[in-house]
Amino acid sequence: MSDQPVIHIQNFEGPLDLLLHLIKSSSIDIYDIPIVAITDQYMTALRSMQDHQLDVAGEYFVMAATLMKMKAKLLLPVTDEPVEDDEEPTLEEMQDQLVNQLIQYQRYKQVASWFKQQAIARQKFLLDLK
C-alpha cells in the first residue's frame, strides 16, 4: 500500500481551504506543520484535481510554489555565512506567515458559518410566524 494519502476531490474555496483540509485530515497541529509531508500531500491533491480535469486556479499553484520553497529551504544545508542584502524571508518567517494566514482563514470560516446559522435560524423563525 502507498504512503500517499487518499485525496477525496471536493470543492475547495481556495488554496488555504485545501491546505487546512489536509492539516485537519492528517490531525496535524496547525502550529507545527511538517512542511515536507504537507507539501507532498498538497502536490498530490493538485495532481488529483488535474487528473479529474478540474480547473485549478493559479492561486493553488502559488501556494504550491510557496510550500515547495519552504521545503527546499528546509532540505538545503544551513550555511554559517551571512548573506548580505538578502531580503529573502527565512524559513521560520515563512512558516509563521503561513500559520497566521491559516489561523485567520479558519476564523473567517467560523464566523461565516455562524452567520449562516443565524440566517437559517431567522428564516425558520419567520416561517414559523406565518
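I started with Val-56, which counts as buried because its relative accessibility is 17%. For my own use I noted that buried means under 20% relative accessible area, exposed over 50% and partly exposed in between, with a 1.4 Å probe and protein chains only. I am looking at a predicted model, where local features need pLDDT of at least 70, side-chain atom pairs count only at pLDDT 80 or more, and totals for chains, interfaces and linings use all residues. Residues are numbered from 1 along each chain as its sequence is written, and side-chain values use heavy atoms, with hydrogens and water left out.

**Entry 1: around Val-56**

I found Val-56 in the loop between H2 and H3. Helices here are DSSP runs (H or I, at least four residues), as strands are (E, at least two), numbered from the N terminus. Which residues does Val-56 touch, not counting those up to four places away in sequence? I listed Leu-46, Met-49, Gln-50 and Phe-61, taking contact to mean heavy atoms within 4.5 Å. Leu-46 is 10 residues from Val-56 in sequence, and their C-alpha atoms are 7.6 Å apart in space.

**Entry 2: the whole chain**

The chain has 130 residues, and 30% of them are buried. Its accessible surface comes to about 9800 Å², with 53% belonging to carbon and sulfur atoms; such areas come from the Shrake-Rupley method with a 1.4 Å probe, and for residues only the protein chains shown count as cover. Of the contacts with a separation of 6 or more, 66% are between residues 24 or more positions apart.

**Entry 3: the core**

Next I looked up the largest nonpolar core, which has 30 residues. Such a core is a set of buried Ala, Val, Leu, Ile, Met, Phe, Trp, Tyr and Cys residues joined through side-chain atoms within 4.5 Å. Leu-18, Leu-19, Ile-38, Tyr-42, Leu-46, Tyr-60 and Leu-102 have the most contacts inside this core. At least two core residues come from each of H1 (15-25), H2 (35-51), H3 (58-75) and H4 (91-129). I picked out Ile-38 and, leaving aside its neighbours within four places in sequence, found contacts with Leu-19, Leu-22, Ile-23, Ile-28, Ile-33 and Leu-67.

How many of the 11 residues of H1 are buried? I read off eight, so H1 is mostly covered. They are Pro-15, Leu-16, Asp-17, Leu-18, Leu-19, Leu-20, Leu-22 and Ile-23, and their cover includes H2, H3 and H4.

H1 and H4 pack at about 95°, with axes 10 Å apart. Axes are lines fitted to C-alpha atoms, for helices over the stretch in contact, and angles run from 0 to 180 degrees between N-to-C directions. H1 and H4 are therefore roughly perpendicular; angles under 35 degrees count as roughly parallel, over 145 as roughly antiparallel, 65 to 115 as roughly perpendicular and the rest as oblique. From H1, the contact uses Leu-16, Asp-17, Leu-19, Leu-20, Ile-23 and Lys-24, and from H4 it uses Leu-98, Gln-101, Leu-102, Tyr-105, Gln-106 and Lys-109. I sorted them into seven nonpolar, two polar and three charged residues. Ala, Val, Leu, Ile, Met, Phe, Trp, Tyr, Cys and Pro count as nonpolar, Asp, Glu, Lys and Arg as charged, and the others, Gly among them, as polar.

H1 and H3 pack at about 55°, with axes 8 Å apart, which makes H1 oblique to H3. Here Pro-15, Leu-16, Leu-18 and Leu-19 of H1 meet Glu-59, Tyr-60, Met-63 and Leu-67 of H3. That contact has seven nonpolar, no polar and one charged residues.

Last, I checked Ser-27 in the loop between H1 and H2. Its phi is near 55°, a positive value in a residue other than glycine. Is Ser-27 buried or exposed? Ser-27 counts as exposed, because its relative accessibility is 68%.
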